[in-house]
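Me: I'd like to go through this model step by step. Can you show it to me?

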Amino acid sequence: MLLDLDPEVVATARRLAARAAEPVVAIAKAHTTVSVERATLRLAGITGADSTHRAGDVPWVNRVVDTVREHCGLEHGAALPVFHALRQHDLGTLTELAEACAAGQVRFTVPEGRDRARAEKAARAAVARGLRTVDRNRAQREKLVARWGDPPQRPWIYLIVATGDIDEDVVQARNAARAGADVIAVIRSTGQSLLDYVPEGATHHGFAGTYATQENFRIMRAALDEVSKEVGRYVRLTNYASGLCMPEIAVLAGLQRLDMMLNDSMYGILFRDINPIRTFVDQRFSRQVHARAGIIINTGEDNYLTTADAVQAAHTVTVSQLLNEHFAHEAGLPDHLLGLGHAFEIDPKVPESFRLELAHALLARELFPDAPLKWMPPTKHMTGNVFDGYLLDGFFNLAGVLTGQSILLVGMMTEAVVTPFLSDRDLALANVRYVLGAAGGLREDFRPAPDGFIVKRAHQVLGEAVDLLGRIVDDGLLNAIADGTFGLMKRPADGGKGAEGVVEKAAGYCNPASELLEVPA
Amino acid sequence: MKRHVRPYGDTTGDGMVQTSFTLPVPFGPKADGAARQLANRMGIDPAMVVHSHAIGEEFTFFVVYGPVRHVVDLEQVRVVEREYPLLSPAEVNAAVRKLLRRKLVVVGACIGTDAHTVGIDAILNIKGFAGEKGLEYYRELKVVNLGAQVPVPELVRRARAEKADAVLVSQVVTQRDAHLLNTREMAAAFREAMGARRPLLIAGGPRFDPLAAGELGVDRVFGRGTTPGEVASYLVHAVRSRKEVAA
């Protein structure tokens, strides 16, 4: 350990994070959301959409959950009324039930007594089938990784594609993998996080990104399997379990063998103005799904630094990492699936900015030694001067190598100028390759002076993080969020989008997915 | 400054430029020749392909140096002068503090049946657009985002209740000119309800013509590609102009 962090201080930080999270976990356990219920029904086997609706395709899960809510509320969960209705109407599949429901032929009620027991059993069996698919996918990933191998080096090289058209994405992703990418992320269409439904089918018209749909997931994973075989290493696929449909997207990722998902405990609240309670409930469920599916989550601490100052707010990143870690552990995610995020966002004009970056990056590395940390490139200080940008990205890569980061998102010199050209990606990868080739082992020789600038700075940030955690414990996390502690955004607990989709659970609430996921796999 | 100028490499008038591009041609002598031809047609002559390398099997990347034969006539340079300067968030905040001595209130919505909040969210959400933070990020702006499918009377009511300085509406759907009809309806409703004391009215969307503001009865129309910074800078400019008229 290079920073010689005081184990007492580290333990205090973790204890405070756990205490700060405790009331929020209790709230998450006491509520459900429309999206959690829809995710449960997706696990139980509902697929497809109602294409006859005049507003456009409405996924069947939305039709069913909305109707259940209208008829008997969601406080008992959707599973009981749905599986009770299935039996009452003697329907073969949930899709038939959805169609009947859309035609107004179904009246949902909460069953009692033996009816309840029967509905519960049927729901549990259906959800268990969905989870078996998730389990099979996890086993399949392990098999393919064993066959084709992991990337030969750390950090893994993470590249983004975002054309809006899944077919074009496939072309770009294949090329990126051949050029050395170990992880491909498909950016979502702008605004998908605020849709309260998951679009259906293969899509070709996104805005600055491609819609996350089950079919798009399937297409891209299949393409990457082909190219993995060709390049002789398992190329991982990433998407976004965030926004109003986070739990459903997590389920779809599990069903289609995605490998990493962006999944931050507070991002939606802070940067998308999604209701805090909605987010924490959806978060917990989606993390349970990711734990089951063996999916590495990527948290979004980098975003704080794009709004707040990266030096002054460095400790808020540490605080958020500690909170994300606690929420993840609580939901069953082990350290090796915990891609905590951080970023190289200090203004290059600040004196000793690179040493400050090293201090912050090393602090994250030493606080979370077993987590696959995700290291995010500069965006805020990319000016359009692509020559400066290329140099800055080189220093970013060097910091990543020197501090042992695990997943390196490749920076583009054309950040904030254009969507990357083919050549931008190629040059960016050349930059990474150069640094890895020239200094891949430099970490061995890197020993910051015991009382030097880097060590002192890391201690200072950790100290500030502990102070802030103390204040959050006193204030309550929800109040801290409401007061603008993170990323300068003020988000009151009763505000934000999707609040109407939160339901307090009744005493007889039943959700077989939650029950099955609560038990360690 | 002379009237006629050429690019400057290391000697006055040498015309030297450098450029880089990719062609969908496999790496090799033919690719380099193709790059030279393109550079010649761009006016670079003689073109030196100082570097080329393959990107995959089908593409080649080039770096080209050489003198351009074109000459710039500075008297023929026409630039569109924006009537207001582009301000940084800090400058916007400072200007609002000075002008109003309180926060500037912005109410935003998608009106009518339009459920596409992409545009209004890109401008208002802190996440922002094109590398710029949204208006929520500005300390001196109070942003109230009413979201999608807001009826016009509700928008007027909320704008009044919030004492809005500006109302931003976003319209993406253009079927049967819905965006134009909705915007006119909104402008008329504000005129009727508040007269000259109405807030600044701003419409935005990919299919709007920025020159149509007067015809639509709004103060400003923003088209495709507008960034939050432009909107914020405009707000400062418009509030300042209004105060000057009132004074």
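Me: How many residues of domain 1 of chain A are in contact with domain 2 of chain A?
Reply: In this predicted model, 17 residues of domain 1 are in contact with 18 residues of domain 2. Contact means heavy atoms within 4.5 Å.

Me: Where are those domains in chain A?
Reply: Domain 1 covers 31-127 and domain 2 covers 144-457. The bounds come from an automatic or database domain assignment. Their centres, taken over C-alpha atoms, are separated by 36 Å.

Me: And what about the domains of chain B?
Reply: Chain B has domain 1 (4-74) and domain 2 (89-246). Their C-alpha centres lie 45 Å apart.

Me: New topic. Which residues touch the most other members of the largest nonpolar core?
Reply: A:F108, A:L323, A:L477 and A:F486, in a core of 173 residues. A nonpolar core is a set of buried Ala, Val, Leu, Ile, Met, Phe, Trp, Tyr and Cys residues joined through side-chain atoms within 4.5 Å. Buried means under 20% relative accessible area, with a 1.4 Å probe and protein chains only.

Me: Which helix gives the largest share of this core?
Reply: Helix α17 (residues 453-475) of chain A, with 11 residues. Helices are DSSP runs (H or I, at least four residues), numbered from the N terminus.

Me: What does A:F486 touch?
Reply: Not counting residues up to four places away in sequence, its partners include A:M266, A:Y304, A:L323, A:I472 and A:L477.

Me: How do α1(A) and α17(A) pack?
Reply: Helix α1 is residues 7-30 of chain A. The two pack at about 30°, with axes 9 Å apart. Axes are lines fitted to C-alpha atoms over the stretch in contact, and angles run from 0 to 180 degrees between N-to-C directions. Angles under 35 degrees count as roughly parallel, so α1(A) and α17(A) are roughly parallel to each other.

Me: Which residues make the contact?
Reply: Among them are A:V9, A:A13 and A:L16 of α1(A), and A:L462, A:V466 and A:I472 of α17(A).

Me: Last one: how many residues of helix α9 of chain A are buried?
Reply: 10 of the 10, residues 246-255, so α9(A) is largely enclosed by the rest of the structure. Just after α9(A), A:R257 takes a positive phi of about 55°.

Terms used
Residues numbered from 1 in each chain as written. Chains lettered and ligands numbered in written order. Predicted model: local features only at pLDDT ≥ 70, side-chain atom pairs only at ≥ 80, totals over all residues. Heavy atoms only, no water. Buried < 20%, exposed > 50% of the residue type's maximum accessible area, 1.4 Å probe, protein only. Parallel < 35°, antiparallel > 145°, perpendicular 65-115°, else oblique.
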